[in-house]
Amino acid sequence: MTNEQLADLTQPQRDRLAFVELRVRFIGEIRRQDLVTRFGIQSAAASRDLALYKELAPGNIDYDSKGKSYILGPDFRPVFDFPPERVLSWLTQGFGDGEPMRLKAWVASESPSRLTYPDLDVLASVTRAIHQKCPLGIEYHSITSGRTEREIVPFALIDNGIRWHVRAFDRKSQEFRDFVITRIKFPVVLKGQPVAPHEMSDQDIQWTRIVELELVPHPSQPRPEITEMDYSMQGGVLRMKLRAATAGYILRQWSVDCTPDHSLRGHEYRLWLKDCMVLYGVKNAVLAPGYVVLGQELDRCQD
């Protein structure tokens with residue numbers, strides 16, 4: 001599909017074709033009803049859109065008569081140049097699935113850019129494996145283990161505020177772990193291969209366990225009422241419920257002092273965890289400021 005061919009289409013058509021590509025590339029399939037539901041069009045119009053995309057981008061999608069859906073073609077080449085942040089917002093928040101245009105902002109604003117983004121082809125393999133509930137073969141580069149060949153069973157993306165991870169069962173270590181997506185190379189979706197009951201997300205104790213945190217203004221900071229305002233505290237407390245698998249990331253991202261005696265000093269420590277014992281048994285609590293025992297290794301929970 002050339003830029004000239006895209007330019008000949010209406011904006012609503014381009015938005016629908018972009019949605020077709022997003023669904024197929026990152027989910028692995030699209031049905032006519034997906035277009036009908038997303039854009040409020042008739043079934044006949046959805047069929048025309050799918051036929052048009054297939055005509056303009058040969059090899060990108062194939063029809064699966066058994067599943068009655070269009071699936072990723074063997075010669076897929078992306079037509080739309082989606083920025084990684086748009087793809088991630090669509091995958092995790094459900095918006096931003098129109099044509100990837102650079103639109104003028106309604107108000108002036110600046111947001112700090114991330115230093116790293118996942119490679120979209122790698123991300124696409126990861127998300128297709130998640131959606132299709134099947135294993136993923138990868139080459140993984142770990143700080144502790146170097147380069148290894150692994151099979152993982154992924155089920156969720158995690159944004160730790162710095163980089164993106166995929167939560168998965170690791171068949172090599174026989175544990176649930178977080179894998180940094182930028183360290184994954186040559187992913188292969190092992191479609192049709194079975195997943196054992198113990199490899200499923202409902203068996204991941206760190207994922208299913210909910211941790212309730214109470215954060216308060218750090219006692220060393222002046223004007224605690226300002227901290228209460230900044231974090232919309234009720235009665236001087238910010239209460240949060242988090243998955244145990246994400247608690248350490250959040251506490252690190254927000255520089256929460258997790259020492260029992262609020263002993264950390266510095267302007268960045270505006271919050272204190274009232275009861276550090278709630279982190280008992282949370283594997284990635286080693287990331288929480290002040291909670292880490294010197295010498296304790298992170299690779300028990302993150303590779």
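Helices, in the sense used here, are DSSP runs of H or I with at least four residues, numbered from the N terminus. In this predicted model, helix α8 covers residues 224–230 and contains Thr-227. With a relative accessibility of 2%, Thr-227 counts as buried, because the cut-off for that class is under 20%. The side chain of Thr-227 also takes part in a polar contact of 3.1 Å with the side chain of Arg-270.

The loop that leads from β9 to α8 holds Gln-221. This residue is likewise buried, at a relative accessible area of 16%. From Gln-221, the side chain reaches the backbone oxygen of His-267 at a distance of 3.4 Å.

Strand β9 leads on to a sheet. Strands of a sheet pair through backbone hydrogen bonds, in either a parallel or an antiparallel sense. Here four strands make up an open sheet with mixed pairing, arranged in the order β10-β9-β12-β11. Its edge strands are β10 (238–243) and β11 (256–257), each of which pairs on one side only. Within the sheet, β9 (residues 210–217) and β12 (residues 271–273) run antiparallel and are joined by three bridges.

Helix α9 comprises residues 244–253 and is mostly covered, with eight of its ten residues buried. The buried set consists of Ala-244, Ala-245, Thr-246, Ala-247, Gly-248, Tyr-249, Ile-250 and Leu-251. Just after α9 comes Ser-255, whose phi is positive, at about 50 degrees.

A further open sheet has five strands in the order β7-β6-β5-β4-β8, and its pairing is antiparallel. From one strand to the next, the twist averages 45 degrees. Inside this sheet, β5 pairs with β6 (residues 164–170) in the antiparallel sense over seven bridges. Val-153 stands opposite Phe-169 of β6.

Strand β5 also contributes to a pocket. The second largest pocket has a volume of about 220 Å³. Three elements each supply at least two residues of its lining: α5 (84–93), α6 (120–132) and β5 (146–159). The residues that line this pocket are Ile-27, Arg-38, Trp-90, Leu-91, Thr-92, Gly-94, Asp-97, Thr-127, Ile-130, His-131, Ala-156 and Leu-157. Sorted by class, the lining has six nonpolar, four polar and two charged residues.

Helix α6, one of the elements that supply the pocket lining, also holds Arg-128. Although charged by class, Arg-128 is buried, with a relative accessible area of 14%. The separation between Arg-128 and Val-237 is 109 residues in sequence and 40 Å in space, taken from C-alpha to C-alpha.

Key. Residues numbered from 1 in each chain as written. Predicted model: local features only at pLDDT ≥ 70, side-chain atom pairs only at ≥ 80, totals over all residues. Heavy atoms only, no water. 1 Å grid on protein atoms, 1.4 Å probe; cavity = no way out; pocket = protein on both sides within 12 Å on 5 of 7 lines; lining within 4 Å. Points joined across faces, edges and corners; volume = space filled by probe spheres on them. Pairing = 2+ DSSP bridges. Axes fitted to C-alpha atoms, helices over the stretch in contact; angles between N-to-C directions. Buried < 20%, exposed > 50% of the residue type's maximum accessible area, 1.4 Å probe, protein only. Polar contact = N/O pair within 3.5 Å; in protein donor to acceptor, adjacent residues only side chain to side chain.
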